[in-house]
Amino acid sequence: MDGAEFFNHFNQPDVNLTRLRQISHLKISRSYEIRLPLLWSEALAGKINGSIAANTGVGSVAGILKCLLVGAEVVMTTSSLLRNGVGYTKILVDDLERWLEVRGVGSLGGRRGRMNRMNIGDAAEFKQKNYIKTLQSCKQSPWTEQEKMAM
Ligand SMILES: Cc1cc2nc3c(=O)[nH]c(=O)nc-3n(C[C@H](O)[C@H](O)[C@H](O)COP(=O)(O)O)c2cc1C
């Protein structure tokens, strides 16, 4: 295998209770959706025989950098181009070059995988500490009226 692409853009249908019909609207991605491909890119980088292409929710330099830092070799985007037009590719590349220049970073090579657990000491400790931090960050948020109606 030369590589694998990690993405999450499943058609997730809902049910219209008035019309008793299945609702399936394709929604283009939002930036928070980057988390699932980030999770799997981080978990599998260096463990599979081949490079990783991450996509879903990547629409800015921040998204590109996050994917590369956790270990992806390649980053892809579709929704950002549908939202902003094909010319947005150039904006992304220009923004990335500016980011590198401002920080005096010659290339992305040295950054790739830097935030992967394999490059951060004890992998088991990293996983456990992150899990504890995640639990501690949990905030309760009351349901919205719309959510109550849907239950
Ligand atoms: C309108 C639309 C058409 C797509 N068509 C294809 C396709 O033909 N083949 C494919 O592998 N992925 C297709 N995708 C999935 C995208 O390649 C991509 O994996 C997905 O949209 C997640 O990335 P994004 O968050 O940048 O949109 C399509 C996505 C959209 C929104």
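## Overall layout

The chain contains six helices and five strands; helices (H or I, at least four residues) and strands (E, at least two) are DSSP runs, numbered from the N terminus. Their order along the sequence is β-β-β-α-β-α-β-α-α-α-α. With a radius of gyration of 19 Å, well over the 15 Å that the globule rule gives for 151 residues, the chain is more spread out than a compact globule. That radius is taken over C-alpha atoms, and the globule rule is 2.2 Å times the number of residues to the power 0.38. Along the principal axes, the C-alpha atoms fill a box of roughly 55 × 45 × 35 Å.

This is a predicted model, in which local features need pLDDT of at least 70 and side-chain atom pairs count only at pLDDT 80 or more, while totals for chains, interfaces and linings use all residues. Residues are numbered from 1 along each chain as its sequence is written.

## The sheet

An open sheet is formed by three strands in the order β1-β4-β5, with parallel pairing. Two strands pair if DSSP finds at least two bridges between them. β1 (3-6) and β5 (74-76) are at the edges with a single partner strand each, so one side of each has no neighbour in the sheet.

Four bridges join β1 and β4 in the parallel sense, and E5 stands opposite A53 in β4. Helix α1 (residues 35-44) lies across β1 and β4 and runs at about 170° to β4. For this angle, axes are lines fitted to C-alpha atoms, for helices over the stretch in contact, and angles run from 0 to 180 degrees between N-to-C directions.

## The core

The largest nonpolar core has 14 residues, of which A54, I64, C67, A72 and V75 touch the most other members. Such a core is a set of buried Ala, Val, Leu, Ile, Met, Phe, Trp, Tyr and Cys residues joined through C-beta atoms within 7 Å. Buried means that 20 or more other C-beta atoms, placed from the backbone, lie within 10 Å of the residue's own. The elements giving two or more residues to this core are β4 (51-55) and α2 (61-70), and α2 gives the most, with four residues.

Beyond its neighbours within four places in sequence, A72 is in contact (C-beta atoms, placed from the backbone, within 7 Å) with S41, A45, I52, A53, A54 and C67. Across the chain, buried residues make up 21% of the 151 residues.

## Helix α4

Helix α4 (residues 88-102) has 15 residues and is followed by G104, whose phi is positive, near 65°.

Methods. Buried ≥ 20, exposed ≤ 12 C-beta atoms within 10 Å, placed from the backbone. Contact = placed C-beta atoms within 7 Å. Expected span 1.5 Å × (residues − 1).
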